[in-house]
Amino acid sequence: MRGVFEALGEPVRRLILELLAAGEQPVGPLVTALQSRMPISQPAVSQHLKVLLEASLVSVRASGTRRLYALDQAGLDAALAWLNGLTDPLSPFAQPLDALATEVARGRRTRRAAAAEPQAARPSDDQGSQTA
C-alpha cells in the first residue's frame, strides 16, 4: 500500500489507470491517448507508469520488444480494502463475526435435532390407547 494514494494524487496517473481499465496496453497508445487530452511527452508518461508500478497499481509484462501495462488487481484490491475500512469501521471483525454466526446456527441445528430424536423414538399416546 506504500505510495498508493500519493500515486493516485496525480491527475495524469488517474487518467492512465482509467485508460488501462479498458485492458492491457503498450506505452505508445497510452501516450497517444494522453497527448490528445494534454501536452505530455513519452518520457513523462513512462515516468508516471513507473510510479504506478512502484505503487503496485499497474503491472507490466514483456511481449517481444513491447512492454504491456495493465491494472494490478491485487494493488487495487488492497487500496479498496483500506478505503472500505474507513467507511465500515467494523470490517476487520466481519469474518470472525461470520464464523460466530455459523457456529451459533450449527448449535441451534444440533439442539433441534437432539430435541426431535426422543420424540420420534417414543410411541405416541394415541397408538397405545386404541382398543379393538
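# Notebook: helix α2 and its surroundings

I began with the covered side of α2, whose buried residues pack against α1 (4-8), β1, α3 (27-35), α4, β2 and β3. The model I am reading is a predicted one.

**Entry 1, α2.** I listed the buried residues of α2 as Val12, Arg13, Leu15, Ile16, Leu17, Leu19 and Leu20. That is seven of the ten residues in α2, and I note the helix as mostly covered. One of the buried seven is an arginine, Arg13.

I count seven helices and three strands in the chain. Read from the N terminus, the order is α-α-β-α-α-β-β-α-α-α. The chain has 132 residues, and 21% of them count as buried.

At what angle do α2 and α4 pack? I read about 80° between helix α2 (residues 11-20) and helix α4 (residues 42-54), with the axes 10 Å apart. Angles of 65 to 115 degrees count as roughly perpendicular, so I put α2 and α4 down as roughly perpendicular to each other. From α2 the contact takes Val12, Arg13, Ile16 and Leu17, and from α4 it takes Val45, His48, Leu49, Val51 and Leu52. Sorted by class, I have seven nonpolar residues, one polar and one charged in this contact.

I looked at histidine 48 separately, a residue of helix α4. Is histidine 48 buried or exposed? Its relative accessibility is 13%, and the cut-off for buried is under 20%, so histidine 48 counts as buried. Setting aside neighbours within four places in sequence, I find histidine 48 in contact with Glu10, Val12, Arg13, Ile16 and Ile40. Of these, Val12, Arg13 and Ile16 are also on my list of buried α2 residues.

I traced the three strands next and found an open sheet in the order β1-β3-β2, with antiparallel pairing. The edge strands are β1 and β2, each of which pairs on one side only. I checked the bridges for each pair. Strand β1 (residues 25-26) is joined to strand β3 (residues 66-71) by two bridges. Strand β2 (residues 58-63) is joined to β3 by six. Within the second pair, serine 59 has alanine 70 as its bridge partner in β3, and arginine 61 stands opposite leucine 68. Helix α4 returns here: I see α4 lying across β2 and β3, running at about 115° to β2.

What is the bridge partner of glutamine 25 in β3? I find tyrosine 69. Glutamine 25 sits in strand β1, and at 17% relative accessibility I record this residue as buried. Not counting residues up to four places away in sequence, glutamine 25 touches Leu19, Leu20, Leu30, Arg67, Leu68 and Tyr69. Leu19 and Leu20 are buried residues of α2, and Tyr69 is the bridge partner noted above.

I finished with phi. Most residues other than glycine have a negative phi. In the hairpin of β2 and β3, with two residues between the strands, glycine 64 takes a positive phi near 70°. Where is serine 56? I place serine 56 in the loop between α4 and β2. Serine 56 has a positive phi of about 60° although it is not a glycine. I looked up its cover too: serine 56 is partly exposed, at a relative accessible area of 34%.

Conventions. Residues numbered from 1 in each chain as written. Predicted model: local features only at pLDDT ≥ 70, side-chain atom pairs only at ≥ 80, totals over all residues. Heavy atoms only, no water. Helix = DSSP H or I, 4+ residues; strand = E, 2+ residues; numbered from the N terminus. Buried < 20%, exposed > 50% of the residue type's maximum accessible area, 1.4 Å probe, protein only. Axes fitted to C-alpha atoms, helices over the stretch in contact; angles between N-to-C directions. Parallel < 35°, antiparallel > 145°, perpendicular 65-115°, else oblique. Contact = heavy atoms within 4.5 Å. Nonpolar A, V, L, I, M, F, W, Y, C, P; charged D, E, K, R; others polar. Pairing = 2+ DSSP bridges.
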